[in-house]
Amino acid sequence: MELTAAFVRAALPARDPRGHKGTFGKVYCLCGSVGFTGAPVFAARAATRMGSGLVYLGVPERAWVVVAAKCDEAMAFPLPDTGEGKLSLSAEAAVRAAAAPCDAVLLGCGLGRGAETDVLTRRLLDLPQPLVLDADGINALQGHIDELERRRGLVTVLTPHEGEFARIGELTAGREASAAAFAAEHGVYLVLKGHRTVIAAPDGRVAVNPTGNSGMAKGGSGDVLAGMTVSLLGQGMEPYAACCAAAYLHGLAGDLAALELTERAMTPTDLTGYIPQALKELDRRRPRKV
């Protein structure tokens, strides 16, 4: 099916007027490394904009000062890292303790690749919460795709672009068919990014997203989508609906940003800023009663 404003509007959870910050979901984002300090900030800002009550951010110690200085709403904490500024295996206990009280976890934005970081990523696949794997969280599965079997019965979302997907799957059958086959085989929800992003569920449901534009083809836009997705999962949305809503609103925010700033000049920072306008536009597109 092609996603519509009506589908997304109906899927979004209502906001409890008596709610508090614990009501609207706690999410943990394990992201970033030296040289990739924007990715965790984009993800955390997007999670906050999408409605999360509390957003925690774990980053390597050598990147923490830069990331923490950019974060106002999200709570950034330093973790043990390697000499190269990437997460160390010794961070595992601290990550598990920080993630334990959270409702959903995001792993991968800007992590970088390294032997210890890749092993740590795969070890954390047994976290019980809904888990979003993006960027290097997906790349760490290259040659280890069987590790996804440890997630059977748990909610797992992968958000690759085509290059990342090619490291763990096959695109020969076309985007929709390939995404559907991968989701069914591995028991995951797959968000295959790109022009007309494809969302596939393990039960065979497939949707195509009509929103978005070429101005979003810039480093950081995917981190925004990952943050929006983990936010909606943390708010308790059904996983397929959460993936669909995040993709549609992410593209809609991009379309609104392009109208004001042009596709050439818009940035991922602008994209997070247009999430509120996307939510307003979603309501504006409600059919009028005759």
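Biologist: Which residue of E4 is the bridge partner of Tyr-28?

Modeller: In this predicted model, the bridge partner of Tyr-28 in E4 is Val-105.

Biologist: What makes strand E1 and strand E4 a pair?

Modeller: Two strands pair if there are at least two bridges between them. Strand E1 (residues 26-30) and strand E4 (residues 104-107) have four bridges, in the parallel sense, and therefore count as a pair.

Biologist: Why are strand E3 and strand E9 called edge strands?

Modeller: The open sheet has nine strands in the order E3-E2-E1-E4-E5-E6-E7-E8-E9, with mixed pairing. Strand E3 (75-79) and strand E9 (206-208) each pair on one side only. From one strand to the next, the twist averages 15 degrees.

Biologist: How do you know that the length of helix H2 agrees with its number of residues?

Modeller: Helix H2 (residues 38-49) has 12 residues, which at 1.5 Å a residue should span 16 Å. Its end C-alpha atoms are 16 Å apart, so the two values agree. Among the buried residues of H2 are Val-41 and Phe-42, and Gly-51, with a positive phi near 115 degrees, follows the helix.

Biologist: Why is Thr-211 called buried?

Modeller: Its relative accessible area is 12%, and buried means under 20%; Thr-211 is therefore buried. This residue is in the loop between E9 and helix H9 (221-234).

Biologist: What makes the link between the side chains of Thr-211 and Asn-209 a polar contact?

Modeller: The cut-off for a pair of N or O atoms is 3.5 Å, and these side chains are joined at 3.0 Å. A polar side-chain atom of Thr-211 also lies 2.9 Å from the backbone oxygen of Tyr-248.

Technical notes:
Residues are numbered from 1 along each chain as its sequence is written. This is a predicted model: local features need pLDDT of at least 70, side-chain atom pairs count only at pLDDT 80 or more; totals for chains, interfaces and linings use all residues. Side-chain values use heavy atoms; hydrogens and water are left out. Helices (H or I, at least four residues) and strands (E, at least two) are DSSP runs, numbered from the N terminus. The expected span of a helix is 1.5 Å times one less than its number of residues. Buried means under 20% relative accessible area, exposed over 50%, partly exposed in between (1.4 Å probe, protein chains only). Axes are lines fitted to C-alpha atoms, for helices over the stretch in contact, and angles run from 0 to 180 degrees between N-to-C directions. A polar contact is a pair of N or O atoms within 3.5 Å; within protein, one must be able to donate a hydrogen and the other to accept it, and residues adjacent in sequence count only if both atoms are side-chain atoms.
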